Amino acid sequence: MRLEEVDIDGRHCVNDPEEGPLEVRYGLPGNVEFCRSCVVSNQRVSPSVVTADTREGRKSTIPFKDGVCEACRVVAKKDTIDWAGRERMLKDLLDRHRSRDGRYDCLIPGSGGKDSVYQSHVLKTKYGMNPLTVTWAPHLYTDVGWRNFTRWSHAGGFDNYLFTPDGQVHRKLTELAYRNLLHPFQPFIYGQRHFPMRMARMLGIRLIFYGEHHAEYGVAAGEDESSLFLPKYFAGDPDGDLVIGGVPVAELARHGITRAKLEPYLPLRENEIRAAGIEVHFLGYFLKWVPQEMYYYAVEATGFEPNTERTEGTHSRYSSIDDKMDGFHYWCAFIKFGIGRCTHEASQEIRHKLLTREEGVALVRRFDGEFPRKHFKEVLEYMGNMSEEEFFAIADGFRSPHLWKLTGNGWVLRHQVA
Ligand SMILES: [Zn+2]
């Protein structure tokens, strides 16, 4: 049953027949719909936009057509893609950049997880490139994450620059992002995106590869689907309206964070990128990307090690396991959008025919939104010794009424995948 959508005093609401108007936050669709093919809902926010949000900012969500999400449609189309033709395009691109004297000719940002291992290794061994790997350090390395990071260089045979941002700045930004946006990962994402571009410019490298193509997650594909132009990716001008952690860059000085300290987090300007001749591409546009296969490849290439136990909030053991903050990133998204880590992973696996939809629904029902208890104490300490009470009170303030209902048994989702 579709609910009527109304605006009341400038707030977007859906009219619930029993409870009356329920506010719809973050510009999400008021009527919740689950994909008929995978388990994701139409509340899924584009990863590119989620980082630029403000408390009231409108979000771009995954498009649905005839009950099927964009990501499912993109993956289904993979079978019809001329992969041999795409590989020829890749070779042309690589030939334009390949160094003849062994100097770095491409840059691979990553952590030593399965995707970055695959990218760097296949470019080096199969396509004869000389990749430099660069890493923006996790907030708090897990033991398994550190071991995998080390293997990447040692067993994979790659030079790596590990950049660790000023811990005091990064902690403060993370705490602000949690308080203001319920998005503790946002400052990390800024750094992770922009620091590789700065490294490429500094070292005269003109080609950057990311892994999976974002259209898989439902971002509307542009004219040239293989490449990405980063300044468009983050709204805002670093000297003007750019916001990090929910605070405009100019105002962060009040929190003791100067503009100079923010430099590694900030995007280069369009003219700077053009002058440096930097191109950014997705390897997943040229080579068929199946997450599980990247895992097997990484095990073979560097001895990549999955976790010994299941990751909290989902059923897998090998995806995003290097940072103690990872679980909180997904849990916060679950609070804001009603879909968590298991929804994302199960949906990917359904799209790649590794799970049936029925199995995916069962996994989501069991694991989605599970609280990441394992590293909770350290994360609270990291975010300015926040108390548990305050942590949960902040989170509850971000529950959109159209998704959540407070009952005698606590908060429950109004809509769950079935
Ligand atoms: Zn879908």
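**Entry 1**

Strands here are DSSP runs of E with at least two residues, helices are runs of H or I with at least four, and both are numbered from the N terminus. I note that this is a predicted model, in which local features need pLDDT of at least 70 and side-chain atom pairs count only at pLDDT 80 or more, while totals for chains, interfaces and linings use all residues. Residues are numbered from 1 along each chain as its sequence is written, and side-chain values use heavy atoms, with hydrogens and water left out.

I then traced the pairing, where two strands pair if DSSP finds at least two bridges between them. Strand β1 (residues 4-8) runs antiparallel to β2, and five bridges join them. The hairpin of β1 and β2 has two residues between the strands, and in this hairpin Asp9 takes a positive phi near 50 degrees.

On to the next pair: how many bridges hold strand β2 and strand β3? Strand β2 (residues 11-16) and strand β3 (residues 20-23) pair over four bridges, in the antiparallel sense. I recorded two contacts across this pair: Val14 has Leu22 as its bridge partner in β3, and Asn15 stands opposite Pro21 in β3. Three residues lie between β2 and β3 in their hairpin. In a regular strand the side chains alternate between the two faces of the sheet.

**Entry 1: the zinc site**

Which residues coordinate the zinc ion? I found Cys35, Cys38, Cys69 and Cys72, each through SG, at 2.3 to 2.4 Å. Donors are N, O and S atoms within 2.8 Å of the metal (3.2 Å for Na, K and Ca), and sites may look incomplete because water is not among the atoms. Along the sequence, the donor residues are spaced C-x2-C-x30-C-x2-C.

The angles among the four donor atoms run from 102 to 117 degrees, and the site is tetrahedral. Four donors count as tetrahedral if all angles lie between 85 and 135 degrees.

I also checked accessibility, for which buried means under 20% relative accessible area, exposed over 50%, and partly exposed in between (1.4 Å probe, protein chains only). Cys69 counts as buried because its relative accessibility is 0%. Cys72 is buried as well, with a relative accessible area of 7%.

Leu182 lies in the loop between α6 (167-181) and α7 (186-203). Is Leu182 buried or exposed? Leu182 counts as buried, because its relative accessibility is 1%.

Asn385, also a residue other than glycine, has a positive phi near 55 degrees. I placed Asn385 in the loop between α16 (376-382) and α17 (388-396). Asn385 counts as exposed because its relative accessibility is 59%.

Phe163 belongs to strand β8 (residues 160-163). Its relative accessible area is 27%, so Phe163 is partly exposed. I noted that Phe163 and Leu262 are 99 residues apart along the chain, with 14 Å between their C-alpha atoms.

**Entry 2: empty space**

Rolling a probe the size of a water molecule over the atoms shows where empty space is left. The search uses a 1 Å grid over the protein atoms alone: a cavity is a set of points where a 1.4 Å probe fits but cannot get out, a pocket is an open set with protein on both sides within 12 Å along at least five of seven lines, and lining residues have an atom within 4 Å of a point. Grid points are joined across faces, edges and corners, and a volume is the space filled by probe spheres set on the points.

I counted three cavities of 30 Å³ or more. The second largest cavity has a volume of about 60 Å³. Its lining includes Glu312, Tyr330, Trp331 and Arg341. Helix α13 (residues 326-337) supplies the largest share of this lining, three residues. By class, the lining has three nonpolar, four polar and three charged residues. Ala, Val, Leu, Ile, Met, Phe, Trp, Tyr, Cys and Pro count as nonpolar, Asp, Glu, Lys and Arg as charged, and the others, Gly among them, as polar.

The second largest pocket holds about 350 Å³ of space. I found 21 residues lining this pocket, with Thr142, Asn307, Ile321, Lys374 and His375 nearest its centre. The elements that give two or more residues to its lining are α5 (143-154) and α13. The most comes from α5, with three residues. The lining of this pocket has four nonpolar, seven polar and ten charged residues.

Conventions:
Tetrahedral: all angles 85-135°; square planar, octahedral: opposite > 155°, others 65-115°.
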